[in-house]
Every structure is written in C-alpha cells, then in structure tokens.
Protein chains: 2
Amino acid sequence: MAKALSKSTKSRGEQAYSLLRHEIISGAFVPEQPLRLAQLQERCGVGFSPLREALTRLAAEGLVTSEAMRGFRVAPLSLDDLRDTMETRTFVETEALRRSIKRGDDDWEGRIVSSLHALGRQNERSNPNDPESLAALEDRHRDFHVALISASGSRRLEQIIDNLYLGSVRYRMPSLSNLSLNPARDLMIEHGAISDAALARNAPLAVDLLTAHYSLTAELLIQAHSDRLDRAANG
Amino acid sequence: MAKALSKSTKSRGEQAYSLLRHEIISGAFVPEQPLRLAQLQERCGVGFSPLREALTRLAAEGLVTSEAMRGFRVAPLSLDDLRDTMETRTFVETEALRRSIKRGDDDWEGRIVSSLHALGRQNERSNPNDPESLAALEDRHRDFHVALISASGSRRLEQIIDNLYLGSVRYRMPSLSNLSLNPARDLMIEHGAISDAALARNAPLAVDLLTAHYSLTAELLIQAHSDRLDRAANG
DNA sequence: GAACATAAAATTTTCGAAAATCTTTGATTT
DNA sequence: AAATCAAAGATTTTCGAAAATTTTATGTTC
C-alpha cells in the first residue's frame, strides 16, 4: 500500500519562509525596515536557526537584503526597479509565450482554458474589500499567466519568470483594488483576447496583446507608486 | 583586538557559502551526492547553523537541491539542463548586449577594452595543467562577458545573467582544458571580434558573433558531457 | 561645544546538545 | 521467500545560551 504519500511535513524553516514571504508580498512591512530576529521569532513562533534560513532564502530571491553582522531588511521598492522588472518580465514572458505557441499540445490548451475559467469565476465572486478574496484573485491571475507559458520547454525561463513575478507582485498588492477598479480597463476582456490568440496559434498577435497587457499594468503601477511616494513626501 | 579587520568581516556563513560554491562549481562533488552536515562541518570548520544557511542559499541559486527532513544534495547535471541553460543564456545576453551597445558610454568601452586585455594576458601565461591558473582564466573570461553587457541599464537582466553563468560554469570546469585546447578554436580571436563589433556599435554583428560564440561553446560542452556520460555507463 | 574614547545595551551570529525524523537492521509472521 | 514491524542507528532540524559585533549612551579632553 503506497505509503499514503509521505506527509508534506513542512519543516519549521519552510513555515517561516512561507509566512514571511506572504507578509512581505502583501505589504505588511515597510520597505527597508530592519527585520529583527527577536521580533520575528515571536511573530513566527520559531527559533533563530530556521528564521535565519528563511531570511537567507528570501534574500537570495530578492525580497529582503542582508548585510553581514547587521542583519536583514525588507528589500526596497523603487520606480526604477518597478520599470525594470516589468520590462524584463515582458521580454522574457513574450519569448516563453512564442515557444509555447509553437510547442504547446492539447494539455497546454487545456491549462489555458481552465485557468482562464477559474480566473473568471473568482473575478465574479471577488469582493474588493476582502483581502482574502483579492489574494485568491491574484493567485488565479498568476495561474493563468503561468499556464500561458507552460509549454515553453525551458525550465530556466520558467524559473526566471517565477522570480520576476515575485519581484513585481509587491508593487501590485497594496493597490490591487485601484487597479481592477480602473474604469478604462476590463481585465477579463484582455485575458480572453490573449487566450484566444494563443489558442489560435497566432504568435505575433498574442505577443502584442500580452505586451500591451503588461504595458498598461506597468503604467498603472508606476502611477500608483508615484502617488504613494508623493503622499509619503507631502502628507 | 581579536582580528583587526572589522569592516570587511565575512561571517562564517558567508565563508561556508563561498567555499561550498567554489567546490561545487569546480566539480569537487559528484552530482546528486548527499551533502552530509557532519562531513561538511569538518570540511568547512563551521557549525550547523551557518552551514545550513549556506546550503539554503545555494539551493535558492540552483547549485544544490533540498528536500524537507532529508537534507541537501549537489544539484544534478543533465544534457537537457545544459542545452536549456546555454540557450537561455544566449537569449538574455544578446538582449543585454543590444541595450549596452545602444546605451554604453566611454566607461563601458573602457571596461570592455581593459577586461579583454586582462583576458589576453591571463591567456598568455595560462598553464593548462595548473588548476589555479585555469580558474583565473575562467574569472577573466567571465569578467569580459560581464563587461560586454554592463551598460544594459537593467539590474534584473544582470542578475539573471549572473545566475545563468553560475548554472553553466559547472559544465565547463571539468573540461576547460579540452575546450581551450580545441585546435579548431581560437577564443581570443572570437572575443576580439565581439569586442570590435560592440565598440563599433554594430549591434547585429555583435549579436551574431556572441550567438556563434555561445553556440560553439554549447556544442563542445554537450559533446564533452555526452562523452562523460558514456564513460560512466560503459567504462 | 566638538572630537574622541569607553562602557553599556542591543542585536546578530555561532555553537553544541537535544528533539524530531528518516533509514537500516533483524527478528517474526504469513 | 516476501512482507511486516519495532528497535537501533544515522542524520537532519530545532532550540536557547553564549560569543561576537554593532549601536547607543556616557564621560573626558581639548
């Protein structure tokens, strides 16, 4: 009897990693804020060792910075980094999309269709005032974009895309409601058009639509972040 | 006054990280070999905590794998990964090169000229039987390629390139001598031509030359790795 | 009062023992 | 012989105290 799939026993270090990652992404800490071990120990309920492992890993992924003998800080946010991240994301993801359109099989099409469907359903029931449902929407959004490029055949591209998503999602979280509430924008129509072009194997069109999608997102995020900086400076 | 170097003090964890990284890159361990803490503790002369931090970081960078409650292993090597890594490297670095040619200033040109010069000098005095001088040559080689793309203006691209280099250098190390000894190849001429095209701001030519440079490297590495696999299977 | 040294406090980092978990061994049963 | 189970051994993982380092506070000198 197949051993009941050995329990996904998450070590304490992984628990701490997941928790901190989630909190940083969702904006629970101020950028550049020092992350004191004693404080985190209480917050996460784990000792020093697993905590430092989690922070080391987050540092390697770019979510926190570390300086020898001076501990860890939440990684800074900046307009330059936001622009850079979104541009690089577009560059890499469009390539992965081209390859997926060329190589994708029935399963790939199935993943696109079903993730788009799930995104639509979550979008219907989504409540802009509930952080829980917004996080779920964000996850479905990511799933759709992952599905789009899931036939690229390149593990390396996938990893890069994953890390770039991580770098950009921090800018989105604190203002996702603003974003989806933007009257000039219907995200489901944009996503539907990208999906259609991809399934029709129209690579140039799909790439253009995806580029436009990210350009618009970048513009809105840059605007939102500029406003935040202004508020911080003036108010 | 224990140790007079207070400023550039490397923590023990960083020492362990540097050492292990170097040993993995230079092929001191067999791929997929388990990395036992007790053994590493003796080898590195540090306790469990900094060791685990180093391994966690190496895992995030892809040089080792980790499984909960089962410790760490040296990351595997494979033909697929080698191909993928070299292709992705070419894709990303050619873009960074295009941008650098467009944006590069006098300092950028200076970095190319001087790193090419340093590479040539190291190449002259390099002894294929001395691992020390081979490692130095590898470093000058990396410096040149870093200089080439150092005016891309994208921190993200630079990071990605750095990580991809890390992923590919493992395949090169055990057979660097084979590579540079290949009679059909004069690396200094290839590098000189790339440098010339870049400095002449001829982006299409520079990109073609860089692509050819990496394609040839990839071919030789794939051949070398196939031979190694055959030897492991038969002999 | 500014510059400098020094002590005290706060914080990070490391160590090694203890706990938790995996792996092997070997006896027992089917 | 194959399967099962529990104890013994090996290894990873965690904890908390101790060491090392940075930061802050205090006092002294010019």
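This is a predicted model: local features need pLDDT of at least 70, side-chain atom pairs count only at pLDDT 80 or more; totals for chains, interfaces and linings use all residues.

Colleague: Leaving aside neighbours within four places in sequence, which residues is Met173(B) in contact with?

Modeller: Met173(B) sits in the loop between α7 (155–172) and α8 (176–181) of chain B, where helices (H or I, at least four residues) and strands (E, at least two) are DSSP runs numbered from the N terminus. Contact here means heavy atoms within 4.5 Å. With neighbours up to four places away set aside, the residues in contact with Met173(B) are Ile25(B), Ser26(B), Ala135(B) and Glu138(B).

Colleague: How far apart are the C-alpha atoms of Met173(B) and Pro131(B)?

Modeller: Met173(B) belongs to the loop between α7 and α8 of chain B. Along the chain, Met173(B) and Pro131(B) are 42 residues apart.

Colleague: Is Ser195(B) buried or exposed, and what is its relative accessible area?

Modeller: Ser195(B) lies in helix α9 (residues 187–199) of chain B, and, not counting residues up to four places away in sequence, Ser195(B) touches Ile112(B), Leu116(B) and Phe144(B). Buried means under 20% relative accessible area, exposed over 50%, and partly exposed in between, with a 1.4 Å probe and protein chains only. Ser195(B) therefore counts as buried, its relative accessible area being 3%.

Colleague: Ala118(B) and Asp196(B) are 78 residues apart in sequence, so what is their C-alpha to C-alpha separation in space?

Modeller: Ala118(B) is placed in helix α5 (residues 106–125) of chain B, and it is partly exposed, with a relative accessible area of 30%. From Ala118(B) to Asp196(B), taken C-alpha to C-alpha, the separation in space is 16 Å.

Colleague: Why does Met69(A) count as exposed?

Modeller: Met69(A) is placed in the loop between β2 (64–67) and β3 (71–74) of chain A, and it has a positive phi of about 70° although it is not a glycine. Most residues other than glycine have a negative phi. Met69(A) counts as exposed because of its relative accessible area, which is 66%.

Colleague: What relative accessibility does Met69(B) have?

Modeller: Met69(B) is found in the loop between β2 (64–67) and β3 (71–74) of chain B, and its phi, near 70°, is a positive value in a residue other than glycine. Met69(B) counts as exposed, with a relative accessibility of 69%.

Colleague: Which residues does His225(A) touch, not counting those up to four places away in sequence?

Modeller: His225(A) is part of helix α10 (residues 203–234) of chain A. Its relative accessible area is 5%, so His225(A) is buried. Beyond its sequence neighbours, His225(A) touches Leu77(A), Ser78(A), Leu79(A), Leu82(A) and Tyr171(A).

Colleague: What is the C-alpha to C-alpha distance between Pro50(A) and Gly13(A)?

Modeller: Pro50(A) is found in helix α3 (residues 48–60) of chain A, and, not counting residues up to four places away in sequence, it touches Arg12(A) and Gly13(A). Pro50(A) and Gly13(A) are 37 residues apart in sequence, and in space their C-alpha to C-alpha distance is 4.2 Å.

Colleague: Turning to the whole of chain A, in what pattern do its helices and strands follow one another?

Modeller: Chain A has 10 helices and 3 strands. Read along the sequence, they follow the pattern α-β-α-α-β-β-α-α-α-α-α-α-α.

Colleague: What radius of gyration does chain A have?

Modeller: The radius of gyration is taken over C-alpha atoms, and the globule rule is 2.2 Å times the number of residues to the power 0.38. For 235 residues, a compact globule would have a value near 18 Å, with which chain A agrees, since its radius of gyration is 19 Å.

Methods: Residues are numbered from 1 along each chain as its sequence is written. Chains are lettered from A and ligands numbered from 1 in the order in which they are written. Side-chain values use heavy atoms; hydrogens and water are left out.
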